[in-house]
Amino acid sequence: MRIVWGVKALVIVFVSLFIVPVAFGVEVSIGPGDMILQTEKARKPADFPHRQHQEAYSCTACHHAKGDIMVIDKCATCHTKNIGNADVNSYKKAAHKLCKDCHKRVNDEDMDAPIKCSGCHAKKG
Ligand code: HEC
Ligand code: HEC
Ligand code: HEC
Ligand code: HEC
């Protein structure tokens, strides 16, 4: 699997994703641990424990891949009103679709992933 990280291809690694953290025996950056996601307007920042999700899923559960090539970039780079599919033509819609669809799926299998707004968007206080 070839990872193209960012549109400017900051990092290109030729490894199988599953062996990245383990087999190298060295710290390989696989992106942020805990993240706070927000749009440019930052009206509703969302908590996202990225590492926890990485441990449970393959990268391509969330980062798009075409064939062997995975492109990692900010969702907001592409998910704008210019994208063809009106279901995902903003960062908010793309994120809600990705995050909530999976959470609903796993909760059907007796997990407890957040569905309520406040589960991701912590109340300011
Ligand atoms: C459950 C979904 C999910 C999984 C699984 C996942 N990521 Fe992410 N990742 C995200 C989201 C969402 C972002 C934030 C994107 C944004 O800021 O627009 C992100 C951000 C990143 C970033 C930072 C990108 C940037 O431009 O700031 C890197 C690097 C990254 N992920 C690598 C990985 C790798 C490598 C894996 C697999 C080992 C992985 N991710 C698995 C959802 C996921
Ligand atoms: C390099 C551009 C690009 C980036 C970066 C990108 N997407 Fe997409 N995404 C697309 C395109 C193009 C489609 C297809 C839209 C269509 O159906 O016409 C798509 C489709 C989707 C879909 C709907 C199809 C599906 O797979 O269910 C979701 C949800 C989605 N993206 C979420 C995200 C999230 C969340 C991020 C950030 C982690 C992200 N995307 C990053 C370009 C991108
Ligand atoms: C492919 C499936 C999947 C996707 C996509 C996904 N999640 Fe999750 N998420 C989970 C699972 C599984 C859990 C853990 C549920 C449990 O512990 O019972 C979880 C838990 C969480 C938690 C609670 C963590 C805790 O420690 O209580 C937050 C917050 C969260 N997800 C945010 C997000 C956000 C934000 C996104 C989208 C950027 C997202 N998730 C995308 C599967 C997913
Ligand atoms: C599974 C996690 C999750 C849940 C549950 C969730 N959201 Fe979100 N939401 C996100 C993510 C991720 C984003 C994109 C980044 C950001 O702006 O927080 C987002 C974006 C938004 C935005 C856009 C913010 C802006 O600055 O434009 C609004 C508004 C919003 N959500 C409202 C809601 C409401 C209302 C609910 C409950 C009905 C809800 N969300 C439930 C994860 C979630």
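1. Strands β5 and β6. In this predicted model, strand β5, residues 65–66, pairs with strand β6, residues 69–72, in the antiparallel sense over 2 bridges. Within this pairing, K66 stands opposite I69 in β6. The hairpin of β5 and β6 has 2 residues between the strands, and G67 takes a positive phi near 60° there.

2. Overall make-up. The chain holds 5 helices and 6 strands. Their order along the sequence is β-β-α-β-β-α-β-β-α-α-α. Of the 125 residues in the chain, buried residues make up 3%. Among contacts in the chain with a separation of 6 or more, 32% join residues 24 or more positions apart.

3. Confidence. The mean pLDDT of the chain is 84, and 77% of its residues reach 70 or more. Residues 6–25 should be read with this in mind: pLDDT stays under 50 over that stretch. For residues 6–25 the model has 21 contacts beyond four places in sequence.

4. The shell around ligand 1. There are 22 residues around ligand 1, and G31, H53, C59, C62 and K74 come nearest. Three elements, β3 (34–37), α2 and α3 (75–78), each supply at least two residues of this shell. Helix α2 provides the largest share, 3 residues. By class, the shell around ligand 1 has 14 nonpolar, 6 polar and 2 charged residues.

5. G31. One of the residues that come nearest to ligand 1 is G31, which lies in the loop between α1 (20–23) and β3. Is G31 buried or exposed? G31 has 12 other C-beta atoms within 10 Å, so it is exposed, given that a residue counts as exposed with 12 or fewer. G31 and I72 are 41 residues apart in sequence, while their C-alpha atoms are 9.7 Å apart in space. I72 belongs to β6, which spans residues 69–72.

6. The shell around ligand 3. Around ligand 3 there are 20 residues, of which C99, C102, M111, D112 and A113 come nearest. The elements giving two or more residues to this shell are β4 (46–49), α2 (50–56) and α4 (91–108). Helix α4 gives the most, with 6 residues. The residues of the shell around ligand 3 divide into 16 nonpolar, 2 polar and 2 charged.

7. The shell around ligand 4. Ligand 4 has 22 residues around it, and those that come nearest are R43, A46, A95, C117 and C120. The elements that give two or more residues to the shell around ligand 4 are α4 and α5 (117–120). Which element gives the most to the shell around ligand 4? That is α4, with 7 residues. The shell around ligand 4 divides into 11 nonpolar, 6 polar and 5 charged residues.

8. Helix α4. This helix gives the most to the shell around ligand 3 and also gives the most to the shell around ligand 4. Helix α4 has 18 residues. From its first C-alpha to its last, α4 reaches 26 Å, close to the 26 Å expected at 1.5 Å a residue. D110 follows α4, and its phi is positive, near 70°.

9. D110. The positive phi of D110, about 70°, occurs although D110 is not a glycine. D110 lies in the loop between α4 and α5. D110 is exposed because 6 other C-beta atoms lie within 10 Å, where the limit for an exposed residue is 12 or fewer.

10. A42. Another residue to check for its backbone is A42, which has a positive phi of about 55° although it is not a glycine. A42 lies in the loop between β3 and β4. Why is A42 classed as exposed? A42 is exposed because it has 9 other C-beta atoms within 10 Å, and 12 or fewer is the limit for that class.

Notes. Residues numbered from 1 in each chain as written. Chains lettered and ligands numbered in written order. Predicted model: local features only at pLDDT ≥ 70, side-chain atom pairs only at ≥ 80, totals over all residues. Near = placed C-beta within 6 Å. Helix = DSSP H or I, 4+ residues; strand = E, 2+ residues; numbered from the N terminus. Nonpolar A, V, L, I, M, F, W, Y, C, P; charged D, E, K, R; others polar. Buried ≥ 20, exposed ≤ 12 C-beta atoms within 10 Å, placed from the backbone. Contact = placed C-beta atoms within 7 Å. Pairing = 2+ DSSP bridges. Expected span 1.5 Å × (residues − 1). pLDDT = per-residue confidence, 0-100.
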